[in-house]
Each structure stands twice: as structure tokens, then as C-alpha cells.
Amino acid sequence: MKPGNKMFITDLDGTLFNDKRVIHPDDMAALEMLGERGIIRVFATGRSIYSFQKAVENMGFSPSCTDMPVDYVIFSTGAGVMACRHGEIIFSQSLTGGDVRRIAGYLDQLEIDYMVHKPVPDTRYFIYKPGKGDLLSSSADFQARISMYRDYGAPMTEKGVNGFGAATEVLAIVPAPQGHGVADEIQLQLRDFSVIKATSPLDGESIWIEVFHPDVSKSRSAAGLANGLGIAVNDVVAVGNDYNDLDLLQWAGRGFVVANAPDEIKKGFEIVASHNRCGVREAIVTAF
């Protein structure tokens, strides 16, 4: 692939971020090289804008990413996009209050753990409801996430989601043994929404099932960016590691998967080194 009107997109947790949740200097250098060649660089993460900004601040960078080798950040699995030149959110998409009531009503029937997050940019604020079922009762991963964001979360009252209004997403957390099956069932029953599953970034095992507006996904936001910049899909390279990257990898002209990804994610894509061994750099060198 020749330099020019191109785009490179990388997932963060488990792809660009290593196990210490930092970016290796060699990966940073490769991203800087892309910038020097005029190639648009995009981070695409399941993290909210708040979580993303905290992560880069912990690495010593500005929350607006003006001092990082990246041009755009797709966050909340595509529910929002930030332009890094000025740290401006240029796109966001929310569920309506009616959508939230319908989704919550179905999850109540399943009696599983879930939480509802405010619209962008206030996604860190949420209400939550532990599961009651014997099989899927409140998981340690769910409780860990509540503890992590204890300053921003509140237990659901008897009102449930009534009065909550619009939301970025409804997130259900299910223990690993049942997670994939439950995700399949939710995808079937809520098929007129965007239902995306991911491996928990906390315990690395539980399944997070995110329900968004039907137009939300990493690939849709990436396509919107590419179209706006006049970049053809065949000139887009993407790297990922998990289930919530699949649509992006399938959409991009060329897709790479890091070696630490689940085996079922690797099918049909080029495999590069793990996130701990600069797989992103390897993908960049290979593609460009």
C-alpha cells in the first residue's frame, strides 16, 4: 500500500495497549511515522470518552490527544467520535428514552446484571441493577465495574429506567460460561438495535453485551470518517483483538488481528504479534 490518502485504525485494550495498559515506544514510533506520511490515524475503542481520557492521562498525555500520534478517536464502540486537533466531539449517537425502557424491560426478564449510561459526553454517569437469577446473579466483574466508577454510578430505584431519558448504551455483564449464549439470545430478541459483545477488559473472561442505537458500531463510525475525508474503504487498514472489533475488521480493506486474540477472531485475517510484542507496529510495517 502506497502512502497518500489512507487510514489506519487500531483498537486499544488488548491491541495497542499492552498488559500494563500503556503503549510501547515502538508502537508509538510507528504511529508517528504514519503521521509523517500523511496517513490518517484512528483509535477505535469500546471505552467511553471519560475512560479513554483517563487512560491517556495516566500515560502522561493530554486528554484531548493533541500530543499523541492520533487524529481521531472512535469511542464507546462507535457511539461517539472525537477529533484530536482540538479535542472536539464531532459525532455522537444515543438511544431514546423509549429504546432504553424496551431494552431494560427485556433484560429484567432475563434477570441479569445491567447498567444504563447517560448520553455522550456524560457517559460515565450510570444507573445499575444487579441480576436476580440463580444462574446469572450479580457477577464479580459487574461489582468491580461499579466499584471502579463508584463516584458516577447509582443503584436503580423502584422507578427503574423511567425518567432516565436517552442513553449512550445499556450494558449487560454475564459470567463467561453463559456469556456467549446470552449474547446470542439478546442479539436475536433485540435485533433492531446494535448488540455488540466484548470480552471484559477487567477480568478478561466475562462477556459484556452492549446495546446501542442501531446505527452504532466501530465500522459505521469509521466509514463515516473515511467518507468525510475522501478515503476509499480499500485504503483502510484495521487492527483488533476482540468480538467488538469484528465488524471493523470485516469492513476495512485489510484487517489484522493480534496473536493474543481468541482463536475464533483470527479466522480470515492476517495475524501479527501480540499486544505485548508490538503487533500494531508489525501491522503498520506490513501494510505500509
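A residue is called exposed when its relative accessible area is over 50%, buried when that area is under 20%, and partly exposed in between. By that rule aspartate 263, at 58% relative accessibility, counts as exposed, whereas lysine 266, with a relative accessible area of 22%, is partly exposed. The model in which these values were computed is a predicted one.

**Salt bridges**

The structure holds 10 salt bridges, and one of them joins the side chains of aspartate 263 and lysine 266. Because these two residues lie three places apart in helix 8 (residues 263-266), about one helical turn separates them. Salt bridges with shared partners also join Asp11, Lys218 and Asp245 into one network. Three of the pairs are set out below.

| Pair | N to O distance |
|---|---|
| Arginine 102 and aspartate 192 | 2.7 Å |
| Glutamate 270 and arginine 254 | 2.6 Å |
| Aspartate 263 and lysine 266 | 3.7 Å |

The salt bridge between arginine 102 and aspartate 192 links distant parts of the chain, since arginine 102 belongs to helix 3 (residues 97-110) and aspartate 192 to the loop between helix 5 (176-189) and strand 10, 90 residues apart. Arginine 102 is partly exposed at 39% relative accessible area, and aspartate 192 is partly exposed at 41%. In the salt bridge of glutamate 270 with arginine 254, the partners come from strand 14 (residues 270-272) and strand 13 (residues 254-258) respectively, 16 residues apart.

**Two residues in strands**

Glutamate 169 is found in strand 9 (residues 169-174), and its contacts beyond four places in sequence include Leu95, His117 and Phe212.

Phenylalanine 91, in strand 5 (residues 88-92), counts as partly exposed at 34% relative accessibility. Leaving aside neighbours within four places in sequence, phenylalanine 91 is in contact with Gly78, Ala79, Gly80, Val81 and Ser221.

**The largest pocket**

The largest pocket has a volume of about 1,100 Å³. Of the 45 residues that line this pocket, Asp13, Arg21, Arg47, Pro201 and Leu202 are the closest to its centre. Helix 2 (49-58), helix 4 (140-148), strand 10 (194-199) and strand 11 (207-212) each give two or more residues to the lining, with the largest share, five residues, coming from helix 2. By type, the lining residues divide into 15 nonpolar, 17 polar and 13 charged.

Technical notes
Residues are numbered from 1 along each chain as its sequence is written. This is a predicted model: local features need pLDDT of at least 70, side-chain atom pairs count only at pLDDT 80 or more; totals for chains, interfaces and linings use all residues. Side-chain values use heavy atoms; hydrogens and water are left out. On a 1 Å grid over the protein atoms alone, a cavity is a set of points where a 1.4 Å probe fits but cannot get out, and a pocket is an open set with protein on both sides within 12 Å along at least five of seven lines; lining residues have an atom within 4 Å of a point. Grid points are joined across faces, edges and corners, and a volume is the space filled by probe spheres set on the points. Helices (H or I, at least four residues) and strands (E, at least two) are DSSP runs, numbered from the N terminus. Ala, Val, Leu, Ile, Met, Phe, Trp, Tyr, Cys and Pro count as nonpolar, Asp, Glu, Lys and Arg as charged, and the others, Gly among them, as polar. Contact means heavy atoms within 4.5 Å. Buried means under 20% relative accessible area, exposed over 50%, partly exposed in between (1.4 Å probe, protein chains only). A salt bridge is a side-chain nitrogen of Lys or Arg within 4 Å of a carboxyl oxygen of Asp or Glu.
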